[in-house]
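Hi,

Here is the structure I promised to pass on.

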Amino acid sequence: MQHTARTHRLFELATSDTAVGVWIAASLVAVASVLGTYASMTRSQQAEDGARVERPRPIWMPLKPVRAQMSDGNMLAIKVSLQLSKTKNADELTDYSGVFGSLVEQAGQHTSRRQLREEDGIERFSIQIQRDLNDYLDEHDTSPTRITSVLFDELVQLPN
């Protein structure tokens, strides 16, 4: 009887919440240790092979500021930087910077202060500029580089 009570108590201790928590924590530590060792070995192997794993960095092309008279008669100062895809530097599209500035100005002429103040107004304006520039590139260029996003460095509604 005493043997059964000990076995029962040992079983209760092994299956208690604390014991299960300890088992889970120990298992996680063991898995993390194995994964860390594997990652370390992989990195050292890549270093031995001379392989360097580098994340691609975004390429930005800043445009000169433009002013646009909006569709409601208000004035807007716009300065954007364009994130480019499939290129190592912005020089590939530098020849188009003047045209891009005109297209940004034109997009400003087709928006209003009310549209910009809407909840997603600036985001929609950004997407419209991106579409206009990529449409231009599709029509006039064989380059695979496209505009992947538009960053507003300056977007100021000027006083009347």
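Leu 82 has Val 150 as its bridge partner in S4. That pair belongs to the 10 bridges that join S3 to S4 (residues 147-158), and the two strands run antiparallel. I'm calling strands paired when DSSP finds at least two bridges between them; strands (E, at least two residues) and helices (H or I, at least four) are DSSP runs, numbered from the N terminus.

Before I go on, a caveat: this is a predicted model, with local features needing pLDDT of at least 70 and side-chain atom pairs pLDDT 80 or more, while totals for chains, interfaces and linings use all residues. Numbering starts from 1 along each chain as its sequence is written, and side-chain values use heavy atoms, without hydrogens and water.

S1 (residues 59-62) pairs with S3 in the antiparallel sense over four bridges, with Ile 59 facing Leu 84 as its bridge partner. Five residues lie between S2 and S3 in their hairpin, where Gly 73 takes a positive phi near 95 degrees.

Seven of the 10 residues in S3 are buried, meaning under 20% relative accessible area with a 1.4 Å probe, protein chains only.

Then there's H5 (residues 121-140): its buried residues include Phe 125, Ile 129, Leu 133 and Leu 137. The buried residues of H5 pack against S3, S4, H3 (97-109) and H4 (113-117), contact being heavy atoms within 4.5 Å.

Cheers

Methods: Buried means under 20% relative accessible area, exposed over 50%, partly exposed in between (1.4 Å probe, protein chains only).
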